[in-house]
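Biologist: I have a model open on my screen and would like a close look at one part of it. Could you walk me through it?

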Amino acid sequence: MNSAAVPEAMRPESELESGHQASHKGRILAWAAWDWGSAAFNAVMTTFVFTVYLTSKAFGGEDHASAVLGGALAIAGAAIALLAPVTGQRSDNGGRRRLWLGVNTAAVAVLTALCFFVFPRPEFLLPGVALIALANVFFEFAGVNYNAMLAQISTPKNIGKVSGFGWGMGYLGGIVALLIVLQLFVQPGFEWFGGSTADGLNIRLVAVFSALWFFIFALPVLFAVPELPKTRQGAALGFLASYGLLLRRIKAIYRTSPHTIYFLLASAVFRDGLAAVFTFGGIIAAGTFGFELTEVIFFAIFGNVVAAAGAIMGGFLDDRIGPKSVITGSLAGLLVAGSMILVLGNGNYSFFGMQWAGTTTFWIFGLFLCLFVGPAQSSSRAYLARLAPHGESGELFGLYATTGRAVSFLAPALFTLCIAVAAPLVEPGGAQRWGILGIMVVLLAGLLLLLPVKAPDRTEIAVVPAA
């Protein structure tokens, strides 16, 4: 059976098409404020500050602490992959999308604040990584409901622009939060008790700051965006029975809208490559191009600003030429920029009498990488939101999270493999550069998988069974 066999009067609408035909600027700002606030957890807690603190010598040595943190995050990733679709499904069915966004956001804020009690001693390593791992789980659950709201606050005419605006706010919020943390806690510009490094007080206070930052900026969306009306009737399903319904719906989506499944699979691959650009960008900057820590931080700041601008510009293009065109163009741009970094490396060149240093290579083409990451991420979200059947966005974005987690090993594994293969063939210290090739392979694979996938305006909305 496919959607062509469904009578015209019975063909389902997407949640986007069945929603409001005019968007409310206040709701869009409130929704995007959550992205702005959530960047404190992403940029400060899990990327630049608190996890660096957790993997320091104070917790039993960098290698041991890093291994423990990696194991905890792997367990958290498995939990997200198993639970995200069902949590999204249950919030859809119960008409409690906003409620569960609030509950999960509050859980992240509380767990983040509790990191204040993680003192720099080995016996606090396990509590610390447990808090971060559990916060990651609730953060992803919140993200499922947050992404599902995109169809509620946008229209078919501006969904790309709204999604891009949200991503842009996330990038900029991370930079502002990081700058505040650096000025108040890490490298305080004036003397105050929050700058004290005794017992890791300054970093522990960063956790409190991040929790408050996230919670405060998450509040507007909980008041401005209304709850989705409950549309499904009948007895509530038990938790395990929800998995049976999930499997039936996946089969139904594949039968009636197979390109929705194809997009989930393709996006899982290229999103892993996109994540790797930021994950390994700073590592390559320091290890291959000789950037000092301050230079890495400056590059991160400029990179996030450029990524925000790219996401916003990509959003405007999304509404005009469609999300698939934006994603394919962005992936092609990423492949060109990454290839230039790989080919030129840290060498010094002369072009028409002008000197070109290795650092120039990374600054220029590294920023181009950042420019194209934002539109690809934003348009992926907008692409899927266009395909979500009415009242099913939460479940579909749960599958989006699951497929992403399922292949999240690809880019790190290929990055490591390429370095290992290159190590005996190049001069000492020159192998890391070839890790870029592994990331490029993942991005290319994602692009090739995406090419045969139909654009949303040429894809039927899936017919799914009721609960």
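Which residues does Leu331 touch, not counting residues up to four places away in sequence?

Modeller: Happy to! A word on the basis: this is a predicted model, in which local features need pLDDT of at least 70, side-chain atom pairs count only at pLDDT 80 or more, and totals for chains, interfaces and linings use all residues. Residues are numbered from 1 along each chain as its sequence is written, and side-chain values use heavy atoms, with hydrogens and water left out.

Leaving aside residues up to four places away in sequence, Leu331 touches Phe270, Leu274, Leu443, Gly446, Leu447 and Leu450; contact here means heavy atoms within 4.5 Å. Leu331 also belongs to the largest nonpolar core, which has 122 residues. Such a core is a set of buried Ala, Val, Leu, Ile, Met, Phe, Trp, Tyr and Cys residues joined through side-chain atoms within 4.5 Å, where buried means under 20% relative accessible area, exposed over 50%, and partly exposed in between (1.4 Å probe, protein chains only). The residues with the most contacts inside this core are Leu331, Trp31, Trp34, Phe50 and Phe263. Its largest share, 13 residues, comes from helix α5 (residues 125–148); helices (H or I, at least four residues) and strands (E, at least two) are DSSP runs, numbered from the N terminus.

Asn304 counts as buried because its relative accessibility is 15%. Not counting residues up to four places away in sequence, Asn304 touches Tyr171 and Ile175.
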